[in-house]
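Please open the model in your viewer and keep the sequence beside it.

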Amino acid sequence: VGELTTAQERWCTDIAERKDHYRSQALLIEELLDEQKALTKSQAVLRTLFDAVPDMVALTRFSDGKLLEVNDEFLRRIGLSREQALATSTVQAGSWVRLEDRDKYLQQLKQNGHARNLEFDFEFQGVVAPYLMSSVAVEIDGELLALNVARDVTPIKENERALRQAQERLSAQVEELTATQARLRAEVAEREAAERVAREREATL
């Protein structure tokens with residue numbers, strides 16, 4: 001009887017321990033699910049913010065320019081789907097008009113860890129345009145990456161050109177007005193001199 005009682009006690013203890021173990025596992029799983037939900041929500045928020053940026057944004061591999069992540073504006077400019085874009089690189093896409101510009105950009109990024117407002121020409125869908133590019137080097141899982149933001153400055157260039165043309169027209173108008181004033185002054189002076197000579201002649205008669 002004593003042995004039976006001991007076995008029952010061990011069995012009850014084992015059941016209790018298993019219940020505690022399962023309860024702990026359930027709580028751990030619930031915590032992990034909550035963390036995963038929070039992470040998913042954070043990723044969704046970051047994705048929304050990423051795509052809301054009006055400039056082109058791309059995360060690229062430092063070594064070969066492989067595209068790892070891009071925003072909607074990048075896809076709109078380059079004319080590819082996200083899957084197509086992430087299967088290529090900035091070099092393969094032919095976006096750099098001059099590869100020596102990419103070398104210059106990489107050199108500055110290596111030296112300083114960042115680059116700010118460097119002006120380069122990029123070609124997307126057959127259209128060449130000037131862009132201001134800012135980048136920062138980041139290391140993720142032991143791999144060096146570059147987070148790049150490129151802004152099309154064509155409207156700024158056009159405004160600057162229009163402003164220069166307006167200034168040139170204004171300068172030409174000022175020069176013309178100055179020349180006209182000088183000519184009028186000369187004509188007035190000449191007329192006054194002629195009238196003075198005529199009066200002197202009348203006085204001597």
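Two strands are said to pair if DSSP finds at least two bridges between them. Helices (H or I, at least four residues) and strands (E, at least two) are themselves DSSP runs, numbered from the N terminus. This is a predicted model, in which local features need pLDDT of at least 70 and side-chain atom pairs count only at pLDDT 80 or more, while totals for chains, interfaces and linings use all residues. Residues are numbered from 1 along each chain as its sequence is written, and side-chain values use heavy atoms, with hydrogens and water left out.

**First stop: the sheet.** Select strand β1, residues 56-61, together with β2; the two pair in the antiparallel sense over three bridges. Within this pair, A58 stands opposite V70 of β2. Now extend the selection to the open sheet of five strands, whose order is β2-β1-β5-β4-β3 and whose pairing is antiparallel. Because β2 (67-70) and β3 stand at the edges with a single partner strand each, one side of each is left without a neighbour in the sheet. On average, neighbouring strands of this sheet are turned by 30° against each other, direction ignored. Axes here are lines fitted to C-alpha atoms, for helices over the stretch in contact, and angles run from 0 to 180 degrees between N-to-C directions.

**Second stop: two helices.** Select helix α4, residues 99-112, which lies across β3, β4 and β5 and runs at about 160° to β3. Next select helix α5, residues 154-204, which packs on the sheet, touches β3, β4 and β5, and makes about 135° with the direction of β4. Contact means heavy atoms within 4.5 Å.

Return to strand β1 and select T60. Is T60 buried or exposed? T60 is buried, with a relative accessible area of 7%; buried means under 20%, exposed over 50%, and partly exposed in between (1.4 Å probe, protein chains only). The side chains of T60 and N148 are joined by a polar contact of 3.0 Å. Such a contact is a pair of N or O atoms within 3.5 Å; within protein, one must be able to donate a hydrogen and the other to accept it, and residues adjacent in sequence count only if both atoms are side-chain atoms.

**Last stop: two loop residues.** Select Q125, in the loop between β3 (114-124) and β4 (127-140). Q125 has a positive phi near 50° although the residue is not glycine, and Q125 is exposed at 56% relative accessible area. Finally, select D141, in the loop between β4 and β5 (143-152). Phi of D141 is positive too, near 55°, and D141 is exposed at 79% relative accessibility.
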